[in-house]
Amino acid sequence: MSQEQEQEQPIEPILRTIMAEHGFDHFGWAPLTPALSMTHYELWLKRGFHGDMAYLERHLPIKKALSAHSAIVVAAFYKPAARAERWDAKAIDQFQHLNIASYARIDDYHVWLTGQLNKAAHALKQRFRDEEFSVATDSKPILERDLAYRAGLGWVGKNSCVIDERKGSYFLIGEIVTSLRLPVAGVTAPDRCGRCRRCMDACPTQAIVEPRVVDARKCISYLTIESKSVPAPELRKSIGSHFFGCDICQDVCPWNQKVISPTIDETPKDESPTHELIGELRWILDSSSKSLERALEHTPLSRARGFGLKRNAIVIAGNLRLRELKDKISRYLTDPRLGELASWALHEID
């Protein structure tokens, strides 16, 4: 088929067929015009709410100057956990009892989601040979939630997650950025949060300082993943047993209640410490940072690196008062980065 014949065919049905063939049944598209939320994003940066994530500030000029015409935006659902099977992703075997965010209990989405998007992009390139297609996840400087909203995937909730009224917010966002000029996108989703503020009230650290504004420096996900330091003393108890990430603001959302399957036990919850949980924390504290990073390669947990995983283990041991780990924690009293935290944890245990 010639390029002229391709262009004569309606693009939308072609696009829907190709994306469905590659597993994406919830997607949309949007023109790459200046982001609607750019002013909001710049103010968020000026207020310092990005914490140690300096790359967000460095990427600002790139986010403001995207040159492609359109973005195909996809939602990849990860909860209930059974949906992960469609992506050929495997659960993390090492930690079955630690409190880990749902998305992190399967392989690193930067790998599997990028792989699925690359397959779809290749198929699109075969159909539209004169156009360019480039895959992106949150590792590239794109304001994804803004694009997802404009592509009709949902509205931005008060917890800053994109929410679809039928499928909730338990999905990852990915894009295929293209030179293809796509038809005008559909109607954006209306904001259906209303007066509800369950996510804001449920946040243990009160990180959602106002609707759709999250102070990352207080967010448990940030504190246990992205942060390169130990959490402030006043935040440590609020972290509770969260080892990597946090689902609380999504779990309490009414729009997510109907998508959580009661037949799937997505452990762990904040329960009394078990022998198995203590064993997993002990293994982390006993292991070198390099061996931890090797063992967790290609999983989301590698993002925290050895330091972050040990830091999180010490915080949990202090909060749960795990006397069984006192000897392991004591080894870190002279550590230049973890010494003060180890001292705090031992005090909490005693």
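Which residues of helix 6 are buried? I put this question to a predicted model.

**Entry 1: helix 6**

I listed the buried residues of helix 6 as Tyr 109, Trp 112, Leu 113, Gln 116, Leu 117, Ala 120, Ala 121, Ala 123 and Leu 124. I then looked up their partners: these buried residues pack against helix 2 (11-21), strand 2 (70-77), strand 4 (133-136) and strand 7 (171-178). I also checked the length of the helix. Helix 6 covers residues 109-127, and at 1.5 Å a residue its 19 residues should span 27 Å. The C-alpha atoms at its ends are 26 Å apart, which agrees with that expectation.

**Entry 2: Asp 108**

I next turned to Asp 108, which I found in the loop between strand 3 (99-100) and helix 6. Is Asp 108 buried or exposed? Its relative accessibility is 13%, and buried means under 20%, so Asp 108 counts as buried. The side chain of Asp 108 makes a polar contact with the side chain of His 110, at 2.8 Å. Leaving aside residues up to four places away in sequence, I noted that Asp 108 touches His 298, Thr 299 and Pro 300. I also recorded that Asp 108 and Arg 303 are 195 residues apart in sequence, while their C-alpha atoms are 9.4 Å apart in space.

**Entry 3: helix 17**

How many of the 11 residues of helix 17 are buried? I found eight, and the helix (residues 339-349) is mostly covered. Its buried residues are Gly 339, Leu 341, Ala 342, Trp 344, Ala 345, Leu 346, Glu 348 and Ile 349. I noted that they pack against helix 10 (233-239), helix 15 (305-319) and helix 16 (326-330).

Conventions
Residues are numbered from 1 along each chain as its sequence is written. This is a predicted model: local features need pLDDT of at least 70, side-chain atom pairs count only at pLDDT 80 or more; totals for chains, interfaces and linings use all residues. Side-chain values use heavy atoms; hydrogens and water are left out. Helices (H or I, at least four residues) and strands (E, at least two) are DSSP runs, numbered from the N terminus. The expected span of a helix is 1.5 Å times one less than its number of residues. Buried means under 20% relative accessible area, exposed over 50%, partly exposed in between (1.4 Å probe, protein chains only). Contact means heavy atoms within 4.5 Å. A polar contact is a pair of N or O atoms within 3.5 Å; within protein, one must be able to donate a hydrogen and the other to accept it, and residues adjacent in sequence count only if both atoms are side-chain atoms.
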